[in-house]
Amino acid sequence: CASGACGALAQQFCAEFMGRFERERPALAAWALSADSAVQAALIDEFASTDLYARQVQALGQAGDVLLVLCAHGHAPRLMAALAAAHEREMTVLALLGGLQPGPLAQQLRETDVLVHVPYERSARVREVHQLILHCLCDAVDSQLLGEQEFAL
């Protein structure tokens, strides 16, 4: 889950999981919580806007799943509520955060969660680093599933 421009990164990451990154492989389950405008509109009409992602995590998340949280500044109430919902469901959280300090999102993380903090104030630069990290994650998953890839020079 992600807010604002980071939502586009979350959608791209999900597409690379469900489709493929660089190699053909079986589809992997992934869902961008910011992608479905009808669900978002319905949830915002019925619940507090801070619960937008938390309700989706409660509906879709299972123990052992991973919630990937993207935030260029590290202090979004909707993302903090989603993180709390993930912990209630015994999910692991991978938080890619930015800003000079990790912020309140990082303070909610557990020992079993993973924080990748890009200590930079400019959101565009943070998102660029986040995209590189997401591509590295996709490549790592592909390598785990399919083995190392040979590259021709």
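**View 1. Glu128 and Arg125 join their side chains in a salt bridge, with 2.8 Å from N to O.** A salt bridge here is a side-chain nitrogen of Lys or Arg within 4 Å of a carboxyl oxygen of Asp or Glu. Both Glu128 and Arg125 belong to helix α6, three residues apart, or about one turn of the helix. Helices are DSSP runs of H or I with at least four residues, numbered from the N terminus. Glu128 is partly exposed, at 45% relative accessible area, and Arg125 is partly exposed too, at 29%. For these labels, buried means under 20% relative accessible area, exposed means over 50%, and partly exposed lies in between (1.4 Å probe, protein chains only).

A word on the model: it is predicted, so local features need pLDDT of at least 70 and side-chain atom pairs count only at pLDDT 80 or more, while totals for chains, interfaces and linings use all residues. Residues are numbered from 1 along each chain as its sequence is written, and side-chain values use heavy atoms, with hydrogens and water left out.

**View 2. Arg25 and Asp142 meet in a salt bridge at 2.5 Å, N to O.** Arg25 sits in the loop between α1 (6-18) and α2 (37-46) and Asp142 in helix α6, so this pair ties together parts that are 117 residues apart in sequence. Arg25 is buried, at 10% relative accessible area, and Asp142 is buried as well, at 0%.

**View 3. Arg20 and Glu24 form a salt bridge, their closest N and O atoms lying 2.9 Å apart.** Glu24 is exposed, with a relative accessible area of 61%, whereas Arg20 is partly exposed, at 40%. The salt bridge count comes to three.

**View 4. Met18, Trp31 and Leu60 make a nonpolar surface patch of about 330 Å².** Patches take residues with over 30% relative accessible area and no salt bridge; nonpolar side chains (Val, Leu, Ile, Met, Phe, Trp, Tyr) are joined within 5 Å, and like charges within 9 Å. Accessible areas come from the Shrake-Rupley method with a 1.4 Å probe. Leu60 has its place in helix α3 (residues 52-60).

**View 5. The cysteines form zero disulfides.** A disulfide is a pair of cysteine sulfur atoms within 2.5 Å. For Cys1, the nearest cysteine sulfur belongs to Cys71, 9.4 Å away. Cys1 is buried, with a relative accessible area of 6%. Cys138 is buried too, at 1%, and its sulfur is 9.4 Å from the closest cysteine sulfur, in Cys136, too far for a bond.

Definitions and conventions. Helices (H or I, at least four residues) and strands (E, at least two) are DSSP runs, numbered from the N terminus.
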